[in-house]
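Dear colleague,

Please find below the structure that I am handing over to you. My findings follow directly after it.

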Amino acid sequence: MTIEPTVGHPPSAPEPNGDGVKRLYVCGITPYDATHLGHAATYVGYDLLVRAWLDAGHEVAYVQNVTDVDDPLLERATATDRDWRELADEQTELFRSDMTNLRVLPPTHYVGAVESIPLAVEAVERMVATGAAYRVDTPDALEQGSPGDVYAALSVDPDFGSVSGWSRDEMLEVFAERGGDPQREGKRDALDPLLWRVARIDEPTWRGGELGEGRPGWHIECAIIAAHHLGLPIDVQGGGNDLLFPHHEMSESHLRVLSGRPGAVRLHAHGGMLSFDGAKMSKSLGNLVLVSRLVAAGEEPTTIRLALLQGHYSEDREYSGAVLDEARNRLALWRRAVSAAPEGGRAAEEAVLKAVRDAVRANLDSPRALAVVDEWALGVLGGSALPDGGAATGDRAAPVARPGQDEPGGLVADTVDALLGIDLGA
Ligand code: 5CA
Ligand code: ZN
């Protein structure tokens, strides 16, 4: 029997894709500052889903975007007197090396917003032509006689609001602080999102066909990248829970309107926010713990990954040095147990595989999976589980020579490697 891995709540439109391919779109970074642990938590979380699908025998098509042109990126480039393209390229590279270090399996397609502008232009032109979008007078447009910015008319989408389930008041409360412009004069509805921003002075612009020179809005970028590179319906659209509204609400609305199909995304899943010093870790607040900095300071990436898996992907959680200490101790414990695993322990190792697989398939329950391996390791090591002072000092155990699959400890090592992305070997 094949158990389907599940995330979040059951999809509202449980229509199978038919071809056995699982389609995943995860919102990628805006590359103006290095990868912090919050980003890493989100991508490690979806990496569990990819691994669970692969383990269940599915082919996986995974697309991630990079928002390589956007207001915060342009603002940071101006503030630091840098070329925005260079800043984006440099931070994208750093992000990719952080992901490699954390053993996050790379997406099938990693797609930039800039390279996708022709797709966005075509989609917005279509929305204007069908009355799903309209122009708004733009007095500060660079070109005199510009047709003006383009906004989506949410009134044409009766299912708008179905992703978040929020009330209009709740939506209005966060719309402005998450990139929206409820006060913009000339909009039909305060919540209508920007689709195309015509050229302004000192801003990069691209050819926009009938739309005039300009650049796309944020939500349409993710919508068209997902539809173009994955096809519809998408099985899972992911990102942190700060993207639920307006980003995912608006993106899915655009997909519904463009495709004419109600179930463009079968399931929205959202990662919890990692906080540090009591506030959401964010580039704008600056309370960042950077993956690259931890690694440069000598932290093993495997420890960082394990630290992130200690919390459930969907829950908001607090990061602290103690979380990293716990991961260091756990890694040391697992490594010792794998080296000390007894002959004749195969049945126990098979039980670990089954229980870890069950935990990951049950809404990516990594804390439960870790507890399973802990229990096995403590059983193997008996009273000598923790070396002198190990628990208190965050002792680092050197990677062990990894046993072959048929050797004692080998099946557990393979299980945590394949399903959790934790490499216990040297
Ligand atoms: N480029 C857009 C998405 S299209 C964006 O939100 N970029 S980001 O760089 O701000 O965030 C990248 C991803 O990390 C998003 O999925 C976001 O939800 C997630 N994220 C941001 N901050 C945190 C945090 N503190 N904890 C967990 N995830 C976070
Ligand atoms: Zn996105």
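Leu 364 is located in the loop between helix H11 (346–361) and helix H12 (366–381); helices (H or I, at least four residues) and strands (E, at least two) are DSSP runs, numbered from the N terminus. Although Leu 364 is not a glycine, its phi is positive, at about 55 degrees. The residue is buried, with a relative accessible area of 0%, where buried means under 20% relative accessible area, exposed over 50%, and partly exposed in between (1.4 Å probe, protein chains only). Asp 81 also has a positive phi, near 55 degrees, and belongs to the loop between helix H2 (71–79) and helix H3 (84–101). At 71% relative accessibility, Asp 81 counts as exposed. Most residues other than glycine have a negative phi, and most peptide bonds are trans.

Please note that this is a predicted model, in which local features need pLDDT of at least 70, side-chain atom pairs count only at pLDDT 80 or more, and totals for chains, interfaces and linings use all residues. Residues are numbered from 1 along each chain as its sequence is written, chains are lettered from A and ligands numbered from 1 in the order in which they are written, and side-chain values use heavy atoms, with hydrogens and water left out.

Two cis peptide bonds may be of interest. One joins Leu 232 and Pro 233, with omega about 0 degrees; the other joins Phe 245 and Pro 246, again with omega about 0 degrees. Pro 233 sits in the loop between H6 and E8 and is buried at 4% relative accessible area. Its C-alpha atom is separated by 8.8 Å from that of Arg 261, 28 residues apart along the chain. Pro 246 is part of helix H7 (residues 244–259).

I turn next to the metal site. Cys 27 (SG), Cys 222 (SG) and His 247 (NE2) coordinate the zinc ion (ligand 2) at 2.1 to 2.3 Å; donors are N, O and S atoms within 2.8 Å of the metal (3.2 Å for Na, K and Ca), and water is not among the atoms, so sites may look incomplete. Cys 27 lies in the loop between strand E1 (21–26) and helix H1 (37–55) and Cys 222 in helix H6 (residues 218–230), so the pair ties together parts that are 195 residues apart in sequence. Both cysteines are buried: Cys 27 has 5% relative accessibility, and Cys 222 has a relative accessible area of 2%.

Ligand 1 is surrounded by 24 residues, of which the closest are Gly 28, Thr 42, Thr 67, Asp 242 and Lys 283; a residue is counted if one of its heavy atoms lies within 4 Å. An oxygen atom of ligand 1 is 2.6 Å from an N or O atom in the side chain of Asp 242, and a nitrogen atom of ligand 1 is 2.8 Å from a polar backbone atom of Met 281. Helix H1 gives the largest share of the shell around ligand 1, with 4 residues.

Leu 49 also lies in helix H1 and is buried at 0% relative accessible area. Leu 49 and Val 360 are 311 residues apart in sequence, yet their C-alpha atoms are 7.9 Å apart in space.

Yours sincerely

Notes: A polar contact is a pair of N or O atoms within 3.5 Å; within protein, one must be able to donate a hydrogen and the other to accept it, and residues adjacent in sequence count only if both atoms are side-chain atoms.
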